[in-house]
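I opened this entry to record what I looked up on strand pairing and helix packing. My notes follow the order in which I went through the chain.

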Amino acid sequence: MTLSAERDAAPDEADDGVWLACIECGETFAPFSAIRYRCDDCDGLLEARYADPPTFDAFEGDGVWRYSAALPFEEGVTLPEGSTPLHEVPRLEDEVGVDRLRVKHEGMNPTGSFKDRGMTVGVRVAQELGVDRLACASTGNTSAALAAYGARAGLETLVLLPAGKVAAGKVAQASLHDARILEVDGNFDACLDIVQDLAGRGEAYLLNSLNPFRLEGQKTIGLEILEEFRDDEGRFPDRIVLPVGNAGNTAALYKCFRELVQAGAMAEDEVPKLTGVQAKGAAPMVEAVENGWADTERWDEVETRATAIRIGNPVNAPKALPGIRETGGTAVAVSDEAITDAQRALAGEGVGVEPASAASVAGLRKLREEGVVGADEAVVCLTTGHLLKDPDAAAEAGGDPEPVPNDTDAVLAHLSE
């Protein structure tokens, strides 16, 4: 799994130039003839592969499906999604002290998070496979996206949430989109264990990021960043900093870059450094990097106010860790206090995000202070969810309302104090 790897030859299992390949043993499988999440032979993670990865010239239109030439289908179950803004943040750029800083705000997707990109592809695959029940474990955003896209497709949706650990805004979304919500007495990783068991028994089609087609939609984040940043500044970013929970986005961006290098659309030395950020209370990926790129060890106890990344067993670590290493990136853990401070800083630029999103900026600040990130770097921070995903956290991070009398003069007097 290196950026310069030879392009795969299409196996007999290819379906219109698309197939699944095991990242561990290389075994290949037809993509839609059977439901499969892992390799039949070695239980390794699967990845979608293409006979002819496209260049930028192949992309037309808007949103995720602008990139249909890099996806398994020409169109999917869409709301629509993608085409999210790449914000300039001049005061934050000056404060951090980098050459250029942009913020890719995935909270501007239809359900308020990047998960919509994966669901537009994943639910389309579910239709191709002919399943009738979709399921996921979630810290909140996945459940909201799956419920919305499942409703759009007319499919039954089941979501398992850790009881008492999901922000109310996210539960409300899943509820209104008519998902069946099961609250599990356990953390996210326990929920995912159950969903994988249900999927293994044929009771539901799993649409967590263990599903390789989910990540196909999410890799369009990378395609958009590269196109938007290049148009803006005339070059690709040197580094992309992103929050890490289950590590699906890290894996998806690495795959995006590999395909572009293989297609000749970008040079290896143009590939951005992938830099992951976790909360200190849930940082198994950071631990693996600090331990010499060892395999991740499951954290059974995790806690952080950044609920979207409160995950102790990132299932995509075998895909994501090579991505960080091969691009010359790193991973860093930040405190909840640093995350909240970064959330306020983003809000000061008019960019409203939930706590987990702000981890990217908190991580950039820390790495800049430590000298890991240079002053000459052009950086994109990925923010993954809208601030209204967790309104309680937003209210806590913001200022308190000030009571005043019902009188204009009294209001003016209060303002002058």
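Predicted model: local features only at pLDDT ≥ 70, side-chain atom pairs only at ≥ 80, totals over all residues.

**Entry 1: strand β11.** I began with β11, residues 273-279, and asked how many of its seven residues are buried. Six of the seven are, so I noted the strand as largely enclosed by the rest of the structure.

**Entry 2: neighbours of β11.** I then looked up the pairing partners, and found that strand β10 (residues 239-243) is joined to β11 by five bridges, the two running parallel. In this pairing I located Arg-239 opposite Lys-273 of β11.

**Entry 3: helices α11 and α12.** I turned next to helix α11 (residues 336-348) and helix α12 (residues 355-369), whose axes come within 7 Å and cross at roughly 100°. Since angles of 65 to 115 degrees count as roughly perpendicular, I therefore describe α11 and α12 as roughly perpendicular to each other. Listing the residues that make the contact, I wrote down Ala-338, Ile-339, Asp-341, Ala-342, Gln-343, Ala-345 and Leu-346 from α11, and Pro-355, Ala-358, Ala-359, Val-361, Ala-362 and Arg-365 from α12. Sorted by class, this contact of α11 with α12 comprises 10 nonpolar residues, one polar and two charged.

Technical notes. Residues numbered from 1 in each chain as written. Heavy atoms only, no water. Axes fitted to C-alpha atoms, helices over the stretch in contact; angles between N-to-C directions. Helix = DSSP H or I, 4+ residues; strand = E, 2+ residues; numbered from the N terminus. Parallel < 35°, antiparallel > 145°, perpendicular 65-115°, else oblique. Contact = heavy atoms within 4.5 Å. Nonpolar A, V, L, I, M, F, W, Y, C, P; charged D, E, K, R; others polar. Buried < 20%, exposed > 50% of the residue type's maximum accessible area, 1.4 Å probe, protein only. Pairing = 2+ DSSP bridges.
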